[in-house]
Amino acid sequence: MLLSNKVLPESPTILNANKKVRSSNWTLQWSAVYSEGHLVKLYTVWHRVVHVTNNMTREKAWLQENVTGLVYHKELTADTSYMFAVTAWNRWGESLLQRDKMLVITTDFQARTIKKTGKKNFYTC
């Protein structure tokens with residue numbers, strides 16, 4: 001995007017291919033971005049929960065976190081869908097959120113429950 005000789009960086013491409021996630025510990029990865037001949041070092045990860053019921057989609061508000069690398073670790077909730085996007089920053093500002101570069105994933109694992117028995121708690125899956 002051109003702002004009178006001020007060029008915003010391109011949005012990174014998310015590299016994750018699997019749309020079904022089978023573990024609560026998950027890592028988002030994206031491609032490096034160069035802007036004005038320099039490697040971009042600041043990215044923002046945008047994420048939100050997406051609910052689909054009876055063929056209706058309801059998206060919660062976007063949450064965002066700044067990251068200084070090319071990976072983002074997220075603890076996921078069982079039986080939940082998430083939408084992710086990554087933007088890059090340079091001295092002129094933030095790249096655009098591009099819908100075609102967003103990733104939607106769905107978790108496919110059971111929630112862990114805590115069984116209280118006497119003196120100790122046991123985690124089960």
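Before I count partners, a definition: two strands pair if DSSP finds at least two bridges between them. I also keep in mind that this is a predicted model.

**Entry 1: strand partners.** I began with β7, residues 42–53. How many bridges join β7 to β8? I found four, with β8 covering residues 56–59 and the two strands running antiparallel. By the definition of at least two bridges, they therefore pair. Within this pairing, V50 stands opposite E59 in β8.

Next I looked up β11, residues 81–90, which is joined to β7 by nine bridges, again antiparallel. Here I noted V45, which has V86 of β11 opposite.

Then came β9, residues 63–67: five bridges pair this strand with β7 in the antiparallel sense. The residue opposite T44 is N66 in β9.

**Entry 2: the turn.** I went back to β7 and β8, which form a hairpin with two residues between them. In the turn, N54 has a positive phi of about 50 degrees. I found N55 in the loop between β7 and β8; N55 is not a glycine, yet its phi is positive too, about 60 degrees.

Is N55 buried or exposed? N55 counts as exposed because its relative accessibility is 80%, and the cut-off for exposed is over 50%.

**Entry 3: another loop.** I moved on to D79, in the loop between β10 (71–75) and β11. D79 is not a glycine either, and has a positive phi of about 50 degrees. At 63% relative accessibility, I could log D79 as exposed.

Key
Residues are numbered from 1 along each chain as its sequence is written. This is a predicted model: local features need pLDDT of at least 70, side-chain atom pairs count only at pLDDT 80 or more; totals for chains, interfaces and linings use all residues. Side-chain values use heavy atoms; hydrogens and water are left out. Buried means under 20% relative accessible area, exposed over 50%, partly exposed in between (1.4 Å probe, protein chains only).
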